[in-house]
Amino acid sequence: MKIFITAKGNAIDSIVDPRFGRAEYYVIYDTETGKVIGGKNPHKEGRIAVGISFAQIAIENGVEAAISGNFGPNAFEVLKAAGTKMHRAKEGQTVKEAVESLLSGELEEFREATPREVAEKIEKELK
Amino acid sequence: MKIAVASGKGGTGKTTFSLLFSKAIAPSFYVDADVEEPNGAIFLKPTVNSVEDFTEPVPRIIPGKCTYCGECAKACPYKALVIIPPPAKKTLFFPELCHSCGVCAYVCPEKGALIEVPRKKGIIRRGKSGEIDFMEGVLNLGEASAVPLIRELKRRVKNYPGDVIIDAPPGTSCPVVEAVEETNYVLLVAEPTPFGVHDLSLVVEMIEMLSLPHGIIINKAQEGNTLVEDFAESKGMEILYRIPFSEEIARMYSRGELPFGEFEEGFRKVYKRIKEIAG
C-alpha cells in the first residue's frame, strides 16, 4: 500500500505538516517495498484550487491512504471520490511515526473535511 | 453617451452621485454594475418590470460516454474539473471555480461525453423610476467572476440611444475594467482623505492605461481641505464638481433616501462639460 503524507520536509523523519493543500512537502511511502519518494508541494503558493491540485498528485501516484493534520473541503472531496482514506496524524509526529501509527490502527480517519474557516486559521498561524 | 462612475476606494459616494446625476440629466438610464453588492435600487426605488436569470454554460459529463481520459481536467485553467481514472472512474466538478471558458468541451475527444449546460449565476432586474430607466445585475454569492454579468449588462445598453450612467464596482480589478471599458467618459468620485486619495491614484493609473477621458467629482468636500485638488493638479486632471460634506445627506442615506433634486444645476453643467470633451 502507498501512503501519501504531508510533511515539513521530503524525508521519512520529517515532521508531518498539519495542512493538506498548503503543505510544504509530500512524502509517499510504499509499505510493501519500503520505498520513499518525496517532493516539494508545487501548488503551495497557488492562488486557486490548491487542495484539488495537490490531491491529484496523490491520486496520480495511486495512493490508498493519506495522512495530514487537516483536509480542506475540496481536497477531501477529490480524495474521497478516488477512494483514498484520509487520516489525522498525531501532533508533532514524524512521517515514519505517523505511518507506524496508521498501520497499527491508531490514527483517526477523517469522516468530513476541515471547515474552510478552520483551515484558513491554521494557515495564518503557520505563517 | 455612456458615462461610468468609478472610485477606487469604496464608500466614496459612487451610487449617491450616479443616482443624483441620472436624475439631473433625465431622461437617462441608470445601470448598477456593482453586481456583487448592488444598492442603487434601495434609493431609486424603481418599479421592477422584469427579472431574468443570468446563466453561463458549465460542463456536464455524461457517464457512459466519458472514457476518463482526463483531457478536460488537464486543459481547465481553473482546475474546476477532476477526473479520477479507473478503477474509481469518478468525475468531479467544482462550479465555484468554473469561469465558463468552454475549453473542456473544446478539448474533449469523445463526442457527446462532455456537454455544456446553463447554470444560473445571478439575475438581471429591469425597471423604471420616473424618467430614469433602471437595470441591475445581482451576482450569486461565491461566484468566481463578476465580469460576465457586467459584460451582459453593458451589452444590453450598448444600443440605447440616450445617456447611460454605469455605476461601477469599487477597486481597480477586472470587474471595474469591464464596467468602464468602452464608455465615453469616466467620472471618479473621490473623498478628501489620505485613503481616498491613495485609492484614487490607483484608479487613475488604471483609467490612464485604458486611455479613457476622465475627471473628478469630490464628495464630502470640506473647506480648506485640498488633498484631492493637490493630487488632481499634479496629474493635470479636471475637478468637475464638489459635493459638500453634509451630515444631513448621511442621515438620509442611512434611511435609504437621497437628496434628489439637489445639485441639479451643477450636475447639468458637469454633463455639458463632459459632452464638450467626450460627446
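A: Two strands are said to pair when DSSP finds at least two bridges between them, and this model, which is a predicted one, can be read with that rule in hand.

Q: How many bridges join strand 2 of chain A to strand 3 of chain A, and in which direction do the strands run?

A: Strands of a sheet pair through backbone hydrogen bonds, and the pairing may be parallel or antiparallel. Here, strand 2 of chain A and strand 3 of chain A (residues 36-40) run antiparallel and are joined by 5 bridges, with A:Tyr26 standing opposite A:Gly39 of strand 3. The two strands form a hairpin that has 5 residues between them, and in its turn A:Gly34 has a positive phi of about 75°.

Q: How many bridges join strand 1 of chain A to strand 2 of chain A?

A: Strand 1 of chain A (residues 2-7) is joined to strand 2 of chain A by 6 bridges, and these two strands also run antiparallel. Strand 2 itself, which spans residues 25-30, is mostly covered, since 5 of its 6 residues are buried.

Q: What is the order of the strands in the open sheet of chain A, and which strands stand at the edges?

A: The open sheet of chain A has 6 strands in the order 3-2-1-4-5-6, and its pairing is mixed. Strand 3 and strand 6 (108-109) of chain A stand at the edges with a single partner strand each, so one side of each is left without a neighbour in the sheet.

Q: How many aromatic pairs are counted over all chains, and how is the pair of A:Phe4 and A:Phe20 to be classed?

A: A pair of aromatic rings is described by how far apart the centres lie and by the angle between the planes. Over all chains the count comes to 16 aromatic pairs. For A:Phe4 and A:Phe20, the ring centres are 6.0 Å apart and the planes stand at 50°, so this pair is tilted. A:Phe4 belongs to strand 1 of chain A and A:Phe20 to the loop between strand 1 and strand 2, so the pair ties together parts that are 16 residues apart in sequence. Both residues, A:Phe4 and A:Phe20, are buried.

Q: What kind of aromatic pair do A:Phe4 and A:Phe54 form?

A: A:Phe4 and A:Phe54 form an edge-to-face pair, with 5.3 Å from centre to centre and 70° between the planes. Because A:Phe4 lies in strand 1 of chain A and A:Phe54 in helix 1 (residues 50-60) of chain A, this pair ties together parts that are 50 residues apart in sequence. A:Phe4 is buried, at a relative accessible area of 0%, and A:Phe54 is buried with a relative accessible area of 0%. These residues belong to one aromatic cluster, which is formed by A:Phe4, A:Phe20, A:Tyr26, A:Phe54, A:Phe71 and A:Phe110.

Q: How many helices and strands does chain B have, and what part of its residues is buried?

A: Chain B has 10 helices and 11 strands, and buried residues make up 50% of its 279 residues. Its C-alpha atoms fill a box of roughly 75 × 40 × 35 Å along the principal axes.

Q: Is B:Phe195 buried or exposed?

A: The cut-off matters here: a residue counts as buried under 20% relative accessible area and as exposed over 50%. B:Phe195, which is found in helix 7 (residues 194-209) of chain B, has a relative accessibility of 65% and therefore counts as exposed. Helix 1 (residues 14-24) of chain B, by the same cut-off, is mostly covered, with 10 of its 11 residues buried; among them are B:Phe17, B:Phe21 and B:Ser22. B:Ser22 and B:Phe195 lie 27 Å apart from C-alpha to C-alpha, and 173 residues apart in sequence.

Q: With which residues is B:Ile239 in contact, leaving aside its neighbours within four places in sequence?

A: B:Ile239, placed in strand 11 (residues 239-244) of chain B, is in contact with B:Ile216, B:Ile218, B:Val228, B:Glu229 and B:Ala232 once its neighbours within four places in sequence are left aside.

Methods
Residues are numbered from 1 along each chain as its sequence is written. Chains are lettered from A and ligands numbered from 1 in the order in which they are written. This is a predicted model: local features need pLDDT of at least 70, side-chain atom pairs count only at pLDDT 80 or more; totals for chains, interfaces and linings use all residues. Side-chain values use heavy atoms; hydrogens and water are left out. Buried means under 20% relative accessible area, exposed over 50%, partly exposed in between (1.4 Å probe, protein chains only). Helices (H or I, at least four residues) and strands (E, at least two) are DSSP runs, numbered from the N terminus. Rings of Phe, Tyr and Trp (its six-membered ring) pair if their centres lie within 6.5 Å; planes under 30 degrees apart count as stacked, over 60 as edge-to-face and the rest as tilted. Contact means heavy atoms within 4.5 Å.
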